[in-house]
Amino acid sequence: MPVDLRQRPALFRALGSDEPPEAVETDGRMWKLREVFKHDSWAATALYEDNQESIVVKFNRKQPIGVLPMGWLGRWLAFREARAYSLLVKLRGVPASCRDVFVCGHQWPTAFAHRYIPGHPLAKDERPGSRFFDELETLVHAMHASDLAYLDLNKRENVIVSDEGMPVLVDFQIHFAAWRGFQKFPLMRWFTRQLQAGDLYHLQKLRVYHTICPEATAQLPIPWSSKLWRLIYVHPVQWLRRRLLVALRIRTGDGLACSEVEPEKAVRLAKDA
């Protein structure tokens, strides 16, 4: 019997029952809403434009959980993502960040914005060529040279293929970068390198998947940091989260995002392909 899916309740939306605002102000310019990319528990991400160009604005969580306020989490997520972009400001392949975001004259403290680079998320069956992955590898190594671990290359939708065919990385929500002053401690440098090894593994996995064949990725050695992440998060936490969403009739089957009523844009594109 087919399941009657429903929209996400306010508890599972970063802005609750609200939607991203129709207009925002940043960098001294007004921007109008064009498209909502996704709206999940952590953030609502949308595309805004004026007469000249476009920006992407991420509105991190402000919706409380019961009586527990969550605005502090949204402010922290916006702050750390802005910090990541500031560390990588000179890198080709990382969009330039914008200044503070205002709505109706008031600063939105949980929001972060960056310039939009025209392109599309790397598709499952896309073959962008070896040069694309050479450029992506150069970008990843440059990020690592800035003492930052990306940690999210396992999500293909974070890799954007620009209209010029070049790689762009977005969404630094779960990155790791030690605070200045701690970066030179031997233990911290070792820890950062272990996390960066996970980036290189997922980079190689993407390269093999999209240039050789998907089955060949099974032969790649998995670093212990990635194995640990799967053990403590992917298997227990992600599984429980998906089961909860299925129990609430927000998703079906294995609880993948593609079974939602309104999945994020990258998932919608994959379904339409």
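**Exercise 1.** Work out the strand order of the open sheet of 3 strands.

*Solution.* Step one: the order is E8-E10-E11, and the pairing is antiparallel. Here strands are DSSP runs of E with at least two residues, helices are runs of H or I with at least four, both numbered from the N terminus, and two strands pair if DSSP finds at least two bridges between them. Step two: strand E8 (119–121) and strand E11 (167–169) are the edges, each pairing on one side only. Step three: neighbouring strands are turned by 35 degrees against each other on average, direction ignored.

A quick note: this is a predicted model, where local features need pLDDT of at least 70, side-chain atom pairs count only at pLDDT 80 or more, and totals for chains, interfaces and linings use all residues. Residues are numbered from 1 along each chain as its sequence is written, and side-chain values use heavy atoms, leaving out hydrogens and water.

**Exercise 2.** Find how many bridges join strand E10 to E11.

*Solution.* Start with E10, residues 159–162: 3 bridges tie it to E11.

**Exercise 3.** Which strands does helix H2 lie across?

*Solution.* Helix H2 (residues 130–145) lies across E10 and E11, with contact meaning heavy atoms within 4.5 Å. Next, the angle: H2 runs at about 35 degrees to E11. Axes are lines fitted to C-alpha atoms, for helices over the stretch in contact, and angles run from 0 to 180 degrees between N-to-C directions.
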